[in-house]
Amino acid sequence: MTTPSSETVDLSTRAYEELGFSRWWQLVATAVMMGLVSPYKYVWTAIQEPLARDLGLSLAALGAAFTLFVVFLSISQFPAGLYRDRFGPRNLSILAGMLAGGGYVGLAYATALWHVYLFYSLGAIGVGVVYTVGTNSALKWFPDKRGFTTGVGTMMYAGGSAVFIPYVRANATVDAFPGAVQNIGILICVGVVASAVVLRDPPTGWMTDGGARSDSSTQETDHSSTETIEMVTRQYTWREMIRTRQFRILFAMFAGITSVSYMLAGNIVLFAENSGIGAGIATAAATALPIADGLGRVAIGGISDRLGRERSMLIAFSACGIGALLVVLSSVLGLSTAFLGAVVFASFFQGTQYTLVPSLMAGYFGDEHSSANYAIVYLMEIGGGVFGGIGVGWLAPTVGWSTTFVLGGVLGILAALGAVGLRSPSHG
């Protein structure tokens, strides 16, 4: 295997020569798309009750729709990634906008449970496509700032919902709800399709005359756009990647930290209610969680560009696990303010895997096949969803909420330990 070499290149100028405009517009377009499809994951908690009421369904029956969302979101990314790496992102993103927008419009006309399952699953496929396009556009156009730019996109996916939740809550009446859901669907469709028009992938060899691509271990020579980057000459296909030790470690790490993330995001209100924490603090914790999550993704992503991905993973994943343990400790001691602080602390780190893992993988395995490669690791989102949903639902009544959250905290710390000794395949 060829040893990486260093080369000084002006990436901003080279990108401008290829695009005819600043590469930052690629990031703006994908960030807008990510924010627009965020309601599927983060606004579900606000729409499920009025939806169940209008259709005469139980929340338990309706809850399977969210499980289907997680499954289709995850499995759609691999075929979408294969297509995108070969044919580019534009046409695929236009289709995704129609699916994601159409899913929400369909909810406005649903009259049976299977309609909800169908429309939310179709929408989930669109969300999965937008997610893989958004994440990997940053990897392909910003090898010098992978952590920060990937963090911006995933921050929008986490934080974009803050715009939609008040709108849904204000229109949760029988008469207004269908129209509100339909309007969101139309906005998703129009916004994603419009953003997709500007999307392009860089041609092979755009960064160097020889066609090599850059690693994520970027070291800036100054504060301009000229960077000293470590070049990776081997571009791993997904078949080559899955045979490496590094892939197996990252796969397990992603499963562990995602389990903690879903445990916190999906159950913090129930944990508070069952631990004697007041309703006001519980509501504040649920409101602060996605905000802290989004800010953490971009902040830790930017820090990792300087500190390194592996070291950042060790710190961030450990902090998330410790934060979950602090949530338990503060609840046991009956310290409501400390409980809220612990939730914010844990939430700040709970989504950092969505920034750090794809950035690291592009550095390890190259960016030519990054969409398909990351999509395979992202399949463990299903595992995290199972633990955070079904797993917590079974464990909490069996062993107690505190023990369940302690187990989640331990999973986060174990995921962090996977980063110890993790090195690029090019270094053995």
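The model is predicted, so to speak of local features pLDDT must be at least 70, side-chain atom pairs count only at pLDDT 80 or more, and totals for chains, interfaces and linings use all residues. Residues are numbered from 1 along each chain as its sequence is written, and side-chain values use heavy atoms, leaving out hydrogens and water.

**Helix 8 and helix 9**
- The axes (lines fitted to C-alpha atoms over the stretch in contact, with angles from 0 to 180 degrees between N-to-C directions) of helix 8 (residues 113–141) and helix 9 (residues 146–159) come within 8 Å and cross at roughly 155°.
- Helix 8 is therefore roughly antiparallel (over 145 degrees) to helix 9.
- The contact (heavy atoms within 4.5 Å) involves Val127, Tyr131, Thr135, Ala138 and Leu139 of helix 8, and Arg146, Thr149, Thr150, Thr154 and Tyr157 of helix 9.

**Helix 5 and helix 6**
- Helix 5 packs against helix 6 (residues 77–87) at about 25°, with axes 5 Å apart.
- These two helices are therefore roughly parallel (under 35 degrees) to each other.
- Leu73, Ser74 and Ile75 of helix 5 meet Gln77, Phe78 and Pro79 of helix 6.

**The largest pocket**
- This pocket (an open set of points on a 1 Å grid, where a 1.4 Å probe fits, with protein on both sides within 12 Å along at least five of seven lines) has a volume of about 1500 Å³.
- Its lining (residues with an atom within 4 Å of a point) has 42 residues, with Thr45, Gln48, Ala265, Gly266 and Asn267 nearest the centre.
- Elements giving two or more residues to the lining include helix 5 (59–75) and helix 9.

Methods
Helices (H or I, at least four residues) and strands (E, at least two) are DSSP runs, numbered from the N terminus. Angles under 35 degrees count as roughly parallel, over 145 as roughly antiparallel, 65 to 115 as roughly perpendicular and the rest as oblique. Grid points are joined across faces, edges and corners, and a volume is the space filled by probe spheres set on the points.
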